[in-house]
Amino acid sequence: MATKIRLQRGGRKGYAFYSIVIADARAPRDGRFTEKIGSYNPNTNPATVDLNFDRALYWIEVGAQPTDTVRNILSREGVYLMKHLKGGVKKGAFDEAAAQKKFDAWKADKQKGLEKIAAEEAKAKKDAAAKALAEEKKVNEAIAKKVAEKKAAAEAAAAEAAAQAEAPAAEEAPAEA
């Protein structure tokens, strides 16, 4: 029986969510499967992968063929690296402890890279928010300046009207006396 490691679609329309399953090569995409080894959510940034690492490694070692997308997922999670390192242990190139140490170093380096990317994204988001705030402050200052000018013009017009109203009254008052 030819086994494949493939994605099984779930979720709703426009919001796909996938299960990573072991299935017969002849089974339909969303049909019968042997085992579920994880899930993949491409809607998050970065895509979220929840994987049973040991079972995925087992199925790769026994010859299950992954689809292209699943191969990329397994590669990013380190399943293929661990398979490669176990092959080196079998050949006697190094021992199990050295293989695990190499894998842990790779995983730590990968995690550090992901944290760096997340920090850069957060910084870019913060900078964009600060820039938008500065632009909004400029717009608000311009609006406040226009409002102040209108108020000053209205006050000047009111003062002028009051002065004109008092001027004829002042001129008439001495004439009557």
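Biologist: Which residues does Asn41 touch, not counting residues up to four places away in sequence?

Modeller: Asn41 touches Tyr15, Ala16, Phe17, Ala47 and Thr48. Contact here means heavy atoms within 4.5 Å. Before we go on, this is a predicted model: local features need pLDDT of at least 70, side-chain atom pairs count only at pLDDT 80 or more, and totals for chains, interfaces and linings use all residues. Residues are numbered from 1 along each chain as its sequence is written, and side-chain values use heavy atoms, with hydrogens and water left out.

Biologist: Got it. Is Asn41 buried or exposed?

Modeller: Buried, with a relative accessible area of 10%. Buried means under 20% relative accessible area, exposed means over 50%, and partly exposed is in between (1.4 Å probe, protein chains only).

Biologist: Which strand is Asn41 found in?

Modeller: Asn41 is in strand β3, which covers residues 35-41. Helices (H or I, at least four residues) and strands (E, at least two) are DSSP runs, numbered from the N terminus.

Biologist: How many residues of β3 are buried?

Modeller: 6 of the 7, so β3 is largely enclosed by the rest of the structure.

Biologist: And what order do the strands take in the sheet?

Modeller: The order is β4-β3-β2-β1-β5, in an open sheet of 5 strands with mixed pairing. The edge strands are β4 (48-51) and β5 (65-66), and each pairs on one side only. Two strands pair if DSSP finds at least two bridges between them.

Biologist: What does pairing rest on in general?

Modeller: Strands of a sheet pair through backbone hydrogen bonds, either parallel or antiparallel.

Biologist: Back to β3. How many bridges join β3 to β4?

Modeller: 4 bridges, and the two strands run antiparallel. Ser39 has Asp50 as its bridge partner in β4, and Tyr40 has Val49. A hairpin of 6 residues links β3 to β4.

Biologist: How many bridges join β2 to β3?

Modeller: 5, again antiparallel. Ile20 is opposite Gly38 of β3, while Val21 is opposite Lys36. β2 is mostly covered too, with 8 of its 10 residues buried.

Biologist: How many bridges join β1 to β2?

Modeller: 10, in an antiparallel pair. The β1-β2 hairpin has 2 residues between the strands, and Gly14 in the turn has a positive phi of about 80 degrees.

Biologist: Helices next. Which strands does α1 lie across?

Modeller: Helix α1 (residues 53-61) lies across β1 (3-12), β2 (15-24), β3, β4 and β5, at about 115 degrees to β3. Helix α2 (residues 68-77) also lies across β1, β2, β3, β4 and β5, running at about 95 degrees to β1. Axes are lines fitted to C-alpha atoms, for helices over the stretch in contact, and angles run from 0 to 180 degrees between N-to-C directions.

Biologist: Where is Met82, and what does it touch?

Modeller: Met82 is in helix α3 (residues 79-91). Leaving out residues up to four places away in sequence, Met82 touches Phe53, Leu57, Gln100 and Phe103. Met82 and Leu57 are 25 residues apart in sequence, yet 7.7 Å apart in space, C-alpha to C-alpha. Met82 also counts as buried, at 6% relative accessibility.

Biologist: New topic. How much space lies in the largest pocket?

Modeller: About 290 Å³. On a 1 Å grid over the protein atoms alone, a pocket is an open set of points with protein on both sides within 12 Å along at least five of seven lines, and lining residues have an atom within 4 Å of a point. Grid points are joined across faces, edges and corners, and the volume is the space filled by probe spheres set on the points.

Biologist: Which element gives the largest share of the lining?

Modeller: α4, with 4 residues. Both α2 and α4 (96-176) supply at least two residues each. The lining includes Ala47, Val49, Ile73 and Lys107.

Technical notes: On a 1 Å grid over the protein atoms alone, a cavity is a set of points where a 1.4 Å probe fits but cannot get out, and a pocket is an open set with protein on both sides within 12 Å along at least five of seven lines; lining residues have an atom within 4 Å of a point.
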